[in-house]
Number of protein chains: 4
Amino acid sequence: MKRTHFLLAIVLASQLVTFAQRKETAGKSPWGFNDEIGTLNLMSDVSRLNVLSQIKSGKIYDLSMTYFVGMPSFSALGDPGYQYWLTHTPHGTIVDNPNGLGKTMNSKVSYTGDAISMYTHMGTHIDALNHFGLDGKIWNGFTPEEHLGDKGWKKTGAETIPPIIARGVMIDVKASKGRLPNNYRITSNDLKDALKKQRTRLEPGDIVVIRTGQAEFYQHADHYLDNYPGISLDAVKWLVEDHGIMLLGADNLSFEAFPPERKDNWVPVHTYLLAEKGVMFIEQMNLEELSDDNVYEFAFIAASLKLKGASGSPMRPLAIPINSK
Amino acid sequence: MKRTHFLLAIVLASQLVTFAQRKETAGKSPWGFNDEIGTLNLMSDVSRLNVLSQIKSGKIYDLSMTYFVGMPSFSALGDPGYQYWLTHTPHGTIVDNPNGLGKTMNSKVSYTGDAISMYTHMGTHIDALNHFGLDGKIWNGFTPEEHLGDKGWKKTGAETIPPIIARGVMIDVKASKGRLPNNYRITSNDLKDALKKQRTRLEPGDIVVIRTGQAEFYQHADHYLDNYPGISLDAVKWLVEDHGIMLLGADNLSFEAFPPERKDNWVPVHTYLLAEKGVMFIEQMNLEELSDDNVYEFAFIAASLKLKGASGSPMRPLAIPINSK
Amino acid sequence: MKRTHFLLAIVLASQLVTFAQRKETAGKSPWGFNDEIGTLNLMSDVSRLNVLSQIKSGKIYDLSMTYFVGMPSFSALGDPGYQYWLTHTPHGTIVDNPNGLGKTMNSKVSYTGDAISMYTHMGTHIDALNHFGLDGKIWNGFTPEEHLGDKGWKKTGAETIPPIIARGVMIDVKASKGRLPNNYRITSNDLKDALKKQRTRLEPGDIVVIRTGQAEFYQHADHYLDNYPGISLDAVKWLVEDHGIMLLGADNLSFEAFPPERKDNWVPVHTYLLAEKGVMFIEQMNLEELSDDNVYEFAFIAASLKLKGASGSPMRPLAIPINSK
Amino acid sequence: MKRTHFLLAIVLASQLVTFAQRKETAGKSPWGFNDEIGTLNLMSDVSRLNVLSQIKSGKIYDLSMTYFVGMPSFSALGDPGYQYWLTHTPHGTIVDNPNGLGKTMNSKVSYTGDAISMYTHMGTHIDALNHFGLDGKIWNGFTPEEHLGDKGWKKTGAETIPPIIARGVMIDVKASKGRLPNNYRITSNDLKDALKKQRTRLEPGDIVVIRTGQAEFYQHADHYLDNYPGISLDAVKWLVEDHGIMLLGADNLSFEAFPPERKDNWVPVHTYLLAEKGVMFIEQMNLEELSDDNVYEFAFIAASLKLKGASGSPMRPLAIPINSK
């Protein structure tokens, strides 16, 4: 989304949406005043072994996108896009002789090295609980005054996110409803309909990933970022409060859609999940192959990079089909 | 290691090592002229299901290190260290008003965003087959003239590395031999001794990770990088040629030790594995907890970031103990 | 300009422009086979003292733009935009305690540090002669095979560009012709007309900077980059071949306009100046104040950063009005 | 300087230095409550024309260092070193075809592009007044609470630093005293002695640059950064308070020497100049050629990049000898 479109969408929202609104406030963790991982506390050795024991296939589904120069990224507020560059090449090493070993050695040993830079919320990644707070507090009441240094948060940084192994469920809204309109917000009824068609049941502690179909456009950043559909507040509340899910995910840029549903909050789904409920979520997933094969239940296995203090982290989640009955 | 030490070590090696030497040359893949993943072709749905079926525990071992500013990195040839920076903070958003929504909105919605940059061979990561070639060819004969653009390799880039699930074996040389001397090269006999003590047997297709003990110093970059022990050519040949292992790993910076074993090749273990044999390997692993719990056999599950064209990629591997007999 | 627009413009050009075309080829320097600075050789102690002696004012005109996050940049081919980030802040230093000196010290000594990254062709900058070559050769026949390593060119890198002091002339085409149409190409006749109106005469060795008026939109990157007017091949040939100017400049993104004038060359003005004639040029200048004050002749003083091996470099040129009799 | 040495030096200082100490506090500007440039207010059209009128030579002295990968940088607190990378090369463009124009076009038009990243306090650069404050206030009482956003300071950022043209004086302490000992602090008497030998007199509004001789080691970063000599508090007070100089400079990394002169302030010269007195200074200058030619008085002309909000900025200052009679 271009900066101008992004800002226009938000301004429009702040003028038009005027219904009465629930008070939003950062949540206190039921897992104690030191808790930094929210609902990921639902995992245990028992829960993990339970799902791993149900694996019935050696076929792996890779739920992640590739990082490449020109890939989609949220740049409306100035964040850097993905950059990749070569630091050493076979020919360049011969010309530069950086190790001082000369032309014969560097012609024989053909060295390639490279480097990257990126916003932490690019490609398939998980949002850490510190990504959005409310009124200056993040999940569990941690404050920037006490816990935010120049190298990120001392609390709930991405390095605290544990490896994630749990039952995963894919809700294929795209298959259930067809192509979603621009900026469409998926409702709880959409989820119920899709689950019924799939004959899938949710269980407490599940990881729920929602297919909007937007991943189809991933190779064309402008299209992928343009007025994508997302998940509504109603839908996430139903998942969190009625079903006790542990983690969420979707295949679009920012999980929720724009313009926002509240006039006083430009990212109300983000703050509801991260700050109020301690529920992380994964963005920009690739759910196309799961959909192609009608795989709705799986062992979800993922481990994001432990980026100290960070508000998000790249991850390459895997799905392995399970026997869940 | 400081640049001066690094260069001195290599120059010394090129003067002192003078034994007769085997001809080194980039290998052709037995998996076809298009092959880009070498021995990772040994994985199949059957092999993966086989190891997953043996899982006996829900306890997960995280074999990776945390990324933080000041972490160890190979900088002797000018590559960038790990950088982390905040792009949005709750207070800064109020001062800057980047979204144009004003002080009330930005005081309520407390936004944190951040970015990173890094050499691709930092922290726990896997080396792609293009990282080192011989005489201008990488694994399977691909050449930079044809396949290396400004955004990396068109062949064997990190995006081609599949998710990795296989039987893993940790060989605890540190436990077997005690603290290793500076620059010590672990031999095949060291591996045999440790395996005997552990009562572990290697199987074809295994992932073998070797504990040197160096990870103990990871928080102190200067010490971690200083004259670390590594794995000898003899040891890797024994693993690859006699045991048909699929993937290697270790807990030090560069797998092999310096000064190099050949006077005509400053990284002979790298080129042997990557260019000659098509065997990737993982560096800077954290094997301390496996050692603490005497866990030697496990389901190894890992998925590196799909960095298009890259010569290496961060990964956070997991180990789950198995019943292997 | 968006990537899609940029590419479309070029493709259109390659289909539509079909006139007979001059052979283009990298030039050999009249200043010797080692020459790396082309027409900047025209400067001497005498020429510099000559112009400095004519200074009649202590009023300085700053011809440069400010660097800020969100500033215009050429990103159609994946180059990084300008990034700025804080590495130390007064509050962050207290939280992080990076120097180990504790809260009292870090509360007293309020430290701010920051870092930047950027494409070298951003803001007001000069193009080095290696920026564009023809058929694999840059100015004076230097080749990438011999002279391009991983850290840039060994020849004609930005570090070789000397401080520049010479007579400067501003040609105010915007004032002369009024608002220029989208993609307009300024001709030699446009320059003649403007010079006549200004009553300015060109002299050999001059620095000629051309005002298109595009700088007016600099704070709005989308507008500034959108179908800007530029300088035609005819105009630059007239300046270089008929008037022996030494250096050029303009106030738009890329000096020349798109789509290109030749179907077999997407940047024919760049290659004509840099590769064929050894004439550097400055882009994204700020000429508004000169225009406001009708200052057309001045001592031009500038010194670009000595970025080793680079194809371009930021510069903040100054103009000081002279008595040119 | 290595991180360990740096921190050790500071800790030693905080233990050993115990003399009675003056109260340090951020200064209020005599140029008004909006002033952001401190003593640079001393410049005027008259002062500039005065010095420009005294120019007697067309010979230019370049007082700056080259930027290159591996150049000296202050990294003890995690700041990034200088990085340079190629984004486009003639060969890579042919392989990648980033513009979609194909092999014939990209073989003809040989494109080189590149990018950089750096700490703002690298190479020859000027420190902005916000670089160091005291007790949470910078020069003129500006506070981070009100004026520091995520993209830097709203006050006294590097974009506010004007082009600088004034009489410059080089004090060649290295020539006067010979090689300075490690960590030596140049005193006001050292300056007086050197000025007497040079037969140079200071005038109010001067730019004074001090040669320690450390620039000799610039190509060897470890040596350059190792226990370099610097300028004492006594010396800068004499220059500022007794002579009314406008701007300072030196040829070492951080102007002052370590360990610091006060136990309660790890950079007392920085805070004295920037926060208390509103005097900026330039670091890492190249004064070798001035010394070789015994040039002590000159027109100093420099213009740092206008990096919005930044705490420092690269600059390439020029010196042109004058007749100061």
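A salt bridge is taken here as a side-chain nitrogen of Lys or Arg within 4 Å of a carboxyl oxygen of Asp or Glu. The model is a predicted one, with pLDDT of at least 70 needed for local features and 80 or more for side-chain atom pairs, while totals for chains, interfaces and linings use all residues. Residues are numbered from 1 along each chain as its sequence is written, chains are lettered from A and ligands numbered from 1 in the order in which they are written, and side-chain values use heavy atoms, with hydrogens and water left out.

Start with chains C and D. Here 97 residues of chain D touch 97 residues of chain C, contact meaning heavy atoms within 4.5 Å. Interface size is often quoted as the accessible area lost when the parts come together. For this pair the buried area (accessible area, 1.4 Å probe, lost on putting the two parts together and summed over both) comes to about 7,400 Å², with carbon and sulfur atoms giving 64% of that. On the chain D side, D:Lys108, D:Lys306 and D:Arg316 lose the most area to chain C, together 11% of what that side buries.

In one salt bridge, the side chains of C:Glu24 and D:Lys108 come together at 2.4 Å, N to O. Strand 4 (residues 113-119) of chain D gives the most to the side of chain D that touches chain C, with 7 residues; helices (H or I, at least four residues) and strands (E, at least two) are DSSP runs numbered from the N terminus. By class, that side has 48 nonpolar, 28 polar and 21 charged residues, where Ala, Val, Leu, Ile, Met, Phe, Trp, Tyr, Cys and Pro count as nonpolar, Asp, Glu, Lys and Arg as charged, and the others, Gly among them, as polar.

Strand 6 (residues 132-134) of chain C and strand 3 (residues 109-111) of chain D run antiparallel and are joined by 3 bridges, pairing being called when DSSP finds at least two bridges between two strands. C:Phe132 stands opposite D:Tyr111 in strand 3 of chain D.

Over all chains, the structure holds 84 salt bridges. In chain B, B:Arg167 and B:Glu297 meet at 2.9 Å, N to O. This pair links strand 9 (residues 164-172) to strand 15 (residues 297-302) of chain B, 130 residues apart. Both B:Arg167 and B:Glu297 are buried (under 20% relative accessible area, with exposed over 50% and partly exposed in between; 1.4 Å probe, protein chains only).

Chain A has a salt bridge between A:Lys277 and A:Glu241 at 3.9 Å, N to O. A:Lys277 sits in the loop between helix 10 and strand 14 (281-283) and A:Glu241 in helix 9 (residues 233-242) of chain A, so the pair ties together parts 36 residues apart in sequence. A:Lys277 is partly exposed at 31% relative accessibility, as is A:Glu241 at 47%. Elsewhere, A:Glu24, A:Arg262, A:Asp264 and B:Lys108 are linked in a network of salt bridges.
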